[in-house]
Amino acid sequence: MRERPRAAARATGAAANVLDCPAQRMSPGQQRDAETGCLYLVATPIGNLEDITLRALRVLKEVDLIACEDTRQTQKLLNHYAIRKRLVSYHEHNEMTRAAELVIELEQGARAALVSDAGTPVISDPGHRLVALCHRHRIPVVPVPGPSALVAALAASGMPTEEFLFTGFLPSRAGDRRKALEGLAAQPRTLVLYEAPHRLEDTLRDALEVLGPRPAVIAREVTKLHEEFLRGSLAELLQHVRRKPPRGEMTLLIGHGPAPPPAGSQTSLADRVAEIMRERKVDRKAALKQAAREHGLTKREAYRQLLMERRSE
Ligand code: SAM
């Protein structure tokens, strides 16, 4: 179990019964204590139990312990693959003390896997504290990649993927959520958000008001029996969600905002305000608010810029 990895075996992929916890993955200049253990970040299925890699299964079989969010949830996965292992709970409420306890075990040579209830641990899930602490204590942290809802949803969404911005969960309080959306308004990238079903309607409504009309996708229950991709404008999806409140787990994707104008050919703020009034049939005040967001300006700054543009005409 604690055998050192063999480079040759790793190179051929024939590393049976040997955990791959390489000393060479340490930061340059760092020396690793030969007796130190290793932390594996193991991605697990987001719905379909078959979505787990051979390496993930091997690591889960070979580690000394598995730190997990909800021991009952992880036990279901382990039962499915006939893996018997010591489970230690690691969640947002005990992260502080549990991370320190785990690091002590790792320093004594333990090999531990960190998993979350679903998907890639640490991504909108607990674990960052433990990873940071391991780095501080020079304990190797090895990713064992696999499913993550954001990647699965984005890939199948049909939204542009060259550039995207993953924002995790937006704040649950309305004011904070709107502020966060305002900060995203000028992003020329696909936005990928996690959302709880009971907050989806509020989020869609705020997104429509703050970001304006944009294409969007609700990726629901991805990889599960009732997998569904709902595509439409934010307004259409809002209507749909009002008619039929969503259930299950969902990832929301929102098409990107207008690309910044190429240097030298900048649309003036006044032109953009006029354009928005025409296109969206809104009054001047609402159009200025929207144009300000797109330019990353506060309303006051936008108003000042409008005045300056007028003076320089
Ligand atoms: N770490 C996980 C990952 O890598 O996907 C994400 C954990 S986060 C606490 C859970 C959120 O991910 C859910 O609220 C939902 O927004 C999204 N999610 C998880 N499973 C999903 C699925 N099967 N389909 C769509 N979204 C999902």
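Which of the 24 residues around the ligand come nearest? Select G119, S148, A149, Y194 and V222 and you have them. Keep in mind as you click around that this is a predicted model.

**Stop 1: the ligand shell**

Now widen the selection to the whole shell around the ligand. Helix 6 gives the largest share, with 3 residues.

Then try colouring by domain, with 15-147 as domain 1 and 150-254 as domain 2. Where does the shell lie relative to domain 1 and domain 2? It lies between them, because both domains give residues to it.

**Stop 2**

Time for some helix pairs. Two packed helices are described by the angle between their axes and the distance between the axes, and that is how we'll look at each pair.

Select 95-107 for helix 4 and 128-136 for helix 5: they pack at an angle of about 40 degrees, and their axes are 9 Å apart. The crossing here is right-handed. To see the contact, show side chains for E95, M96, A99, L102, V103 and L106 on helix 4, then R129, L130, L133 and C134 on helix 5. That set splits into 8 nonpolar and 2 charged residues, with no polar ones.

**Stop 3: helix 7 and helix 8**

Move on to 174-184, helix 7, and 197-211, helix 8. Their axes are 10 Å apart and the packing angle is about 45 degrees, which makes helix 7 oblique to helix 8. Helix 7 passes helix 8 in a right-handed crossing. On the helix 7 side, pick A174, R177, R178, L181 and E182; on the helix 8 side, pick D202, T203, D206, A207, V210 and L211. How many charged residues are in this contact? There are 5, alongside 5 nonpolar and 1 polar.

**Stop 4: helix 10 and helix 11**

The crossing is right-handed. Helix 10 brings L269, R272, V273, I276 and M277 to the contact, while helix 11 brings R284, A287, L288, Q290, A291 and E294. Colour that group by class and you get 7 nonpolar, 1 polar and 3 charged residues.

Technical notes
Residues are numbered from 1 along each chain as its sequence is written. This is a predicted model: local features need pLDDT of at least 70, side-chain atom pairs count only at pLDDT 80 or more; totals for chains, interfaces and linings use all residues. A residue is near a molecule or strand if its C-beta atom, placed from the backbone, lies within 6 Å of it. Helices (H or I, at least four residues) and strands (E, at least two) are DSSP runs, numbered from the N terminus. Domain bounds come from an automatic or database domain assignment. A crossing is left-handed if the near helix is turned anticlockwise from the far one by less than a right angle, and right-handed if clockwise. Two residues are in contact if their C-beta atoms, placed from the backbone, lie within 7 Å. Ala, Val, Leu, Ile, Met, Phe, Trp, Tyr, Cys and Pro count as nonpolar, Asp, Glu, Lys and Arg as charged, and the others, Gly among them, as polar. Axes are lines fitted to C-alpha atoms, for helices over the stretch in contact, and angles run from 0 to 180 degrees between N-to-C directions. Angles under 35 degrees count as roughly parallel, over 145 as roughly antiparallel, 65 to 115 as roughly perpendicular and the rest as oblique.
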